[in-house]
Amino acid sequence: MPKIAVVGVKENIGYEFLNLLSENDIKVDDVFALEAKSVIGTLVSYGEDDELDVYAIDEFDFKKANIVVFATTKEITKRNIKKAISAGCKVIDLSGATISDENVDMIVPEFNDELLKNGANVVAVPSAQVYQVLLPLAKVLKEKTAKRIVINMYNSTSYYGRMAMDELFSQSRKVFLNESLADNESVFKKQIAFNVLPQVGEFIGEETKLEWDMNVEIKKALKTDIKVHANAAFVPTFIGDGCFVNVEFEDDVDADAIKDVMKSTKNVVVFDKHVDAGYVSVDDVQGEDKIYVSRIRQDVSVENGISFWSVADNLRAGSAKLAFDVMVKMAGLMN
């Protein structure tokens with residue numbers, strides 16, 4: 001296995017990526033943990049028994065690594081990606097820093113992993129939210145042409161990291177104790193506990209950042225100018241995202257046939273029973289590596305449409321596992 005550097009190990013996604021490396025028996029000596037800033041002696045756990053020194057990215061010699069995974073902010077990635085490439089590293093971008101770069105392919109392994117064979121130095125993976133929309137459609141879109149996708153996404157607070165999760169916990173506690181929340185709305189500008197906020201990211205015109213990202217990422221991954229309309233809201237949960245997806249196709253489509261195709265798609269689990277609790281909820285998928293789909297049905301509001309409900313652990317299945325699968329395929333091509 002090549003040497004792997006992970007940037008952003010103190011954040012949720014980077015930490016989950018380290019967990020996957022450990023769980024898949026990647027030796028501790030083959031992994032470097034990096035952060036934007038890190039004092040000497042800072043450690044991060046690796047598996048049950050080992051720890052990794054956390055290096056400051058500005059002081060790290062990228063020639064020690066073969067693959068660099070940027071699980072950090074766009075700004076940190078943009079400042080350091082050229083340094084990694086110049087050192088001869090292959091780069092996997094989870095940050096979205098390369099979203100507008102036409103020369104960087106966006107990889108969904110179950111859909112377009114053949115693009116890895118192009119030998120590019122940099123590849124991107126879509127956001128967790130886009131992955132849980134596209135993965136159930138990976139085989140479907142090889143058989144049928146979609147003309148429009150509408151997404152209603154319900155995001156957990158982990159989208160903003162640990163501080164946001166802590167804010168939800170603190171606010172929930174204060175609500176039960178009948179305490180004021182006036183000084184406890186720093187990450188979210190409104191109360192998040194027991195509330196729903198129709199804003200995920202800053203506004204870019206009329207859209208929020210996640211809505212804009214989903215539009216751009218889906219078109220980039222599919223290499224088509226498909227019409228996409230995304231709506232995103234925060235819900236008071238810690239980990240795991242859920243979304244309703246409506247897809248309109250060029251030709252006739254049958255929901256039962258689509259369900260059968262989804263069942264045969266790698267890393268997708270279909271649990272869809274028309275009874276009480278015959279579906280998968282966000283709470284069911286925490287810690288899981290797969291995307292779970294329920295409520296697959298005909299969308300009778302359009303001529304050729306279906307809709308479905310998709311849930312995933314956004315940190316693990318939606319981000320870390322996706323990047324890990326890309327890394328494994330990339331490493332295989334390097335051997």
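This is a predicted model: local features need pLDDT of at least 70, side-chain atom pairs count only at pLDDT 80 or more; totals for chains, interfaces and linings use all residues.
Figure 1. Nine helices and 16 strands make up its secondary structure. The radius of gyration is 20 Å, close to the 20 Å that the globule rule gives for 335 residues, so the chain is as compact as a globular protein of that length. Laid along its principal axes, the C-alpha trace spans about 60 × 55 × 40 Å.

Figure 2. How much of the chain is tucked away? Of the 335 residues, 55% count as buried. Now for how the chain meets itself: take the contacts with a separation of 6 or more, and 68% of them come from residues 24 or more positions apart.

**Figure 3. Gly8, in the loop between S1 and H1.** Strand S1 covers 4-7 and helix H1 covers 12-23, with Gly8 in the loop between them. Is Gly8 buried or exposed? Its relative accessible area is 1%, so Gly8 is buried. Beyond its neighbours within four places in sequence, Gly8 is in contact with Gly14, Tyr15, Leu34, Glu35, Ala71 and Thr72. Look for Lys37 as well: Gly8 and Lys37 are 29 residues apart in sequence, and their C-alpha atoms are 9.9 Å apart in space.

**Figure 4. Phe324, a residue of helix H9.** Helix H9 takes in residues 316-334, and Phe324 is part of it. With 7% relative accessibility, under the 20% cut-off, Phe324 counts as buried. Which residues does Phe324 touch, not counting those up to four places away in sequence? They are Phe17, Leu20, Leu21 and Asn24. Val69 is 255 residues away from Phe324 along the chain, yet the C-alpha atoms of Phe324 and Val69 are separated by 9.2 Å.

**Figure 5. Thr98, in the loop between S6 and S7.** Here we're looking at the loop that runs between strand S6 (90-93) and strand S7 (105-106), which is where Thr98 is placed. Thr98 has a relative accessible area of 8%, so this residue is buried. Its contacts, with neighbours within four places in sequence set aside, are Ile81, Asp93, Val104, Val122, Ala124 and Lys220.

**Figure 6. Gly161, in the loop between S9 and H6.** Gly161 belongs to the loop that links strand S9 (146-155) and H6. At 6% relative accessibility, Gly161 counts as buried. Setting aside residues up to four places away in sequence, Gly161 touches Glu11 and Asn12. Val104 is another matter: 57 residues separate Gly161 and Val104 along the chain, and 26 Å separates their C-alpha atoms.

Figure 7. Asn184 sits in the loop between helix H6 (162-176) and strand S10 (203-204). Why does Asn184 count as buried? Its relative accessibility is 11%, and buried means under 20%. What joins the side chains of Asn184 and Ser170? A polar contact of 2.8 Å does that. Apart from neighbours within four places in sequence, Asn184 is in contact with Glu167, Ser170, Gln171 and Lys174.

Figure 8. Phe194 isn't a glycine, but its phi is positive, at about 55°. You'll find Phe194 in the loop between H6 and S10. Phe194 has a relative accessible area of 53%, so it is exposed. Lys223 is also a residue other than glycine, and its phi is positive, near 55°. Is Lys223 buried or exposed? Its relative accessibility is 57%, so Lys223 counts as exposed.

Terms used. Residues are numbered from 1 along each chain as its sequence is written. Side-chain values use heavy atoms; hydrogens and water are left out. Helices (H or I, at least four residues) and strands (E, at least two) are DSSP runs, numbered from the N terminus. Buried means under 20% relative accessible area, exposed over 50%, partly exposed in between (1.4 Å probe, protein chains only). A polar contact is a pair of N or O atoms within 3.5 Å; within protein, one must be able to donate a hydrogen and the other to accept it, and residues adjacent in sequence count only if both atoms are side-chain atoms. Contact means heavy atoms within 4.5 Å. The radius of gyration is taken over C-alpha atoms; the globule rule is 2.2 Å times the number of residues to the power 0.38.
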